[in-house]
Each structure stands twice: as structure tokens, then as C-alpha cells.
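Biologist: Please take me through this model step by step, starting with the conventions that the later answers will rely on.

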Amino acid sequence: MYQQMIFVNLATDDVEASKKFFTELGYAINPQFSTDECACVVISDTIIAMLLSKEHYAKFTKKEIADSTRTSEVLICLSAESREKVDELVEKAVAAGGSAGGQTQDLGFMYGRAFDDLDGHTWEVTWMDPAAVQG
């Protein structure tokens with residue numbers, strides 16, 4: 001059965017620093033699709049983050065590239081298998097040079113936190129009680 005994938009393309013000031021940051025979070029870099037101008041970060045079997053130098057990113061758009069340290073261009077939300085895994089990923093991101101973002105959301109059945117990566121892109125991490133999702 002075909003599984004649709006998502007490729008999130010993000011501009012970065014420093015491809016090598018971004019590679020290091022995301023590997024410190026536990027993600028792999030796919031060397032087959034990585035160059036000096038881009039890093040292919042494997043989040044899961046169906047989620048890939050393509051971190052492109054701003055020069056390379058500009059080849060794919062006629063729009064101005066957002067300064068993600070000053071403006072929000074996208075909010076990326078990753079699911080986590082538990083509250084502890086939410087905290088673990090955010091703490092790894094902060095330890096790797098990112099920053100904690102926003103307020104912790106604790107609604108009982110749903111728990112979430114966020115971090116900004118080295119370029120200011122916001123990554124939310126959320127756990128939701130499977131029982132709450134089903135019904």
C-alpha cells in the first residue's frame with residue numbers, strides 16, 4: 001500500500017551546523033540526498049526535512065525567504081509516543097543549541113511543548129492519549 005510522504009523544505013544559514021543539531025536529536029542524515037547545499041534529515045519513514053542553504057532554497061521560489069528568527073513561516077508539529085518523549089526531544093533540542101519555545105500545553109489528554117532550531121524554525125512536539133483520539 002502506498003504511503004504518502006511529506007518533505008518539509010527549510011532554509012538554513014549553516015547546513016553543517018543543522019546536520020549536527022538534528023543528529024544530536026537522534027535523527028539520521030540520508031547522505032544519498034545530502035550535499036554541501038542541503039541536508040536530508042530522516043524524521044520517520046514518511047517525514048523528511050530538507051535543510052537547504054538559503055542560496056539553494058532560493059532556486060525553488062521567487063518569494064523572499066523569511067527570516068525565521070523574526071517571523072513565523074510555518075509551525076511543524078511532530079507526534080510523540082508519551083509525555084516523557086515530548087520532554088526528552090525538547091530537552092535534547094535545547095542541549096544541542098536550540099531554544100525552548102512557547103508555553104507547555106497540558107490538557108490532560110494532550111501534552112505539548114515546542115523548540116526553535118538553530119535557524120528559528122518552530123517545531124512543536126505533542127503527545128495525545130490514544131483513548132481520547134478514538135472517542
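Modeller: Helices (H or I, at least four residues) and strands (E, at least two) are DSSP runs, numbered from the N terminus. The model is predicted, so local features need pLDDT of at least 70 and side-chain atom pairs count only at pLDDT 80 or more, while totals for chains, interfaces and linings use all residues. Residues are numbered from 1 along each chain as its sequence is written, and side-chain values use heavy atoms, with hydrogens and water left out.

Biologist: Which element supplies the largest share of the lining of the largest pocket?

Modeller: A pocket is an open set of points, on a 1 Å grid over the protein atoms alone, where a 1.4 Å probe fits with protein on both sides within 12 Å along at least five of seven lines, and lining residues have an atom within 4 Å of a point. The largest pocket holds about 220 Å³ of space, counted as the volume filled by probe spheres on points joined across faces, edges and corners. Its lining includes L25, G26, Y27, L78, K85, L89 and V125, and both β5 and α3 contribute at least two lining residues. The largest share, 4 residues, belongs to α3.

Biologist: Is L89 buried or exposed?

Modeller: L89 sits in helix α3 and is one of the residues that line the largest pocket. Beyond four places in sequence, its contacts (heavy atoms within 4.5 Å) are with L25, Y27, L78, F115 and V125. Buried stands for under 20% relative accessible area, exposed for over 50% and partly exposed for what is in between, with a 1.4 Å probe and protein chains only. Since its relative accessibility is 11%, L89 counts as buried.

Biologist: In the largest nonpolar core, which residues touch the most other members, and from which element does the largest share of this core come?

Modeller: A nonpolar core is a set of buried Ala, Val, Leu, Ile, Met, Phe, Trp, Tyr and Cys residues joined through side-chain atoms within 4.5 Å. In the largest one, which has 25 residues, the members that touch the most others are F22, L25, Y27, F115 and W123. At least two core residues come from each of β1 (6–12), α1 (15–24), β3 (38–42), β4 (47–53), β5 (75–79), α3 (83–95), β7 (110–116) and β8 (122–128). The largest share, 4 residues, comes from α3.

Biologist: Which residues does F22 touch, not counting residues up to four places away in sequence?

Modeller: F22 is among the members that touch the most others in the largest nonpolar core. With residues up to four places away set aside, F22 touches Y27, V41, L51, D117 and W123.

Biologist: What is the relative accessible area of W123?

Modeller: W123 belongs to strand β8, and outside its four-place sequence neighbourhood its contacts include L10, F22, I43, A49, I76 and F115. The C-alpha atoms of W123 and C77 lie 5.7 Å apart, although 46 residues separate them along the chain. Whereas C77 is partly exposed at 45%, W123 is buried, with a relative accessible area of 2%.

Biologist: Where in the hairpin of β7 and β8 does a positive phi occur?

Modeller: β7 also pairs with β6 (residues 99–106), antiparallel and with 5 bridges, in a hairpin that has 3 residues between the strands and a positive phi of about 85° at G108 in the turn. With β8, β7 forms 7 antiparallel bridges, and M110 faces M128 across that pair. This second hairpin has 5 residues between its strands, and the positive phi, about 90°, belongs to a residue in the turn, G120.

Biologist: How many disulfides does a search of the whole structure find?

Modeller: A disulfide is a pair of cysteine sulfur atoms within 2.5 Å. C38, buried at 7% relative accessible area, has its closest cysteine sulfur in C40, and the separation of 7.6 Å is too far for a bond. Across the whole structure, the number of disulfides found is 0.

Methods:
Pairing = 2+ DSSP bridges.
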